[in-house]
Amino acid sequence: MKRSIGIWQLFGFAVTSLLGTVLHFLYEWLGKARWVAPFSGVNESTWEHMKLLFWPMLLFAVIQSFFFRDRTDFWCVNLRGVLLGLALIPVLFYTYNGVIGKSPDFINIAIFFVSAAAAYLYEARLFCKDRICRCSPKAAIAVLALVALCFVLFTFKAPRIGIFLDPLTGSYGI
């Protein structure tokens with residue numbers, strides 16, 4: 001079982017990396033179509049980069065859940081992985097920028113991949129333990145739904161705080 005968990009998580013990392021990269025450009029590629037805005041990056045803010053991790057991880061979790069039905073802690077483990085990945089993006093970005101200054105694009109890209117890898121490794125570690133995550137599946141799904149709602153709402157009505165600020169245009173959301 002442990003080997004198959006590792007393969008699942010590696011595949012999840014690959015899917016998240018690929019879809020997250022596509023989502024970074026999709027809004028522009030589709031001529032700034034508003035229907036795709038909640039799921040793709042609409043500007044270069046840290047918040048928008050967190051979206052690029054969230055949606056692919058959520059999509060992969062929904063697919064993975066059909067194969068992990070015997071895991072009563074599946075959604076709890078997934079929630080913890082998603083939250084870790086989402087937290088790492090701003091922590092790494094602002095820490096790096098605070099120490100070094102403005103970061104080159106390759107560092108920002110690396111932060112995305114490191115955050116995704118850490119999230120999937122953490123989930124793999126939790127899956128290899130015996131039911132370590134104890135929150136109910138309904139509670140975990142509710143929190144994920146709340147995060148999803150925030151990504152949708154804040155795309156169109158972004159709060160005027162730094163994490164939502166596009167450093168290139170000085171704008172918030174779309």
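Which residues are buried in helix 4?

**Entry 1: ground rules.** I am reading a predicted model, where local features need pLDDT of at least 70, side-chain atom pairs count only at pLDDT 80 or more, and totals for chains, interfaces and linings use all residues. Residues are numbered from 1 along each chain as its sequence is written, and side-chain values use heavy atoms, with hydrogens and water left out.

**Entry 2: helix 4.** I looked up my opening question. In helix 4, the buried residues are Ile 107, Ile 111, Phe 112, Ser 115, Ala 116, Ala 119, Tyr 120, Glu 123, Ala 124, Leu 126 and Phe 127. Buried means under 20% relative accessible area, with a 1.4 Å probe and protein chains only. Helices here are DSSP runs (H or I, at least four residues), numbered from the N terminus. Next I checked the length. The 24 residues of helix 4 should span 34 Å at 1.5 Å a residue, and the end C-alpha atoms are 35 Å apart, which agrees. The expected span is 1.5 Å times one less than the number of residues.

**Entry 3: helix 3 against helix 4.** I found helix 3 at residues 74-100 and helix 4 at residues 105-128. They pack at an angle of about 150°, with axes 8 Å apart. That makes helix 3 roughly antiparallel to helix 4 (angles over 145 degrees count as such). Axes are lines fitted to C-alpha atoms over the stretch in contact, and angles run from 0 to 180 degrees between N-to-C directions. Their contact has 17 nonpolar, 5 polar and 2 charged residues. Ala, Val, Leu, Ile, Met, Phe, Trp, Tyr, Cys and Pro count as nonpolar, Asp, Glu, Lys and Arg as charged, and the others, Gly among them, as polar.

**Entry 4: helix 2.** I read helix 2 as residues 46-65. Its 20 residues reach 29 Å from first C-alpha to last, close to the 28 Å expected. Helix 2 is mostly covered, with 16 of its 20 residues buried. I then turned to helix 3 as a partner. Helix 2 and helix 3 pack at about 160°, with axes 10 Å apart. The two are therefore roughly antiparallel. Their contact divides into 14 nonpolar, 7 polar and no charged residues.

**Entry 5: Thr 155.** I located Thr 155 in helix 5, residues 137-156. Is Thr 155 buried or exposed? Thr 155 counts as buried, at 0% relative accessibility. Leaving aside neighbours within four places in sequence, Thr 155 is in contact (heavy atoms within 4.5 Å) with Ala 37, Pro 38, Val 42, Glu 48, Lys 51, Gly 173 and Ile 174.

Methods: Parallel < 35°, antiparallel > 145°, perpendicular 65-115°, else oblique. Buried < 20%, exposed > 50% of the residue type's maximum accessible area, 1.4 Å probe, protein only.
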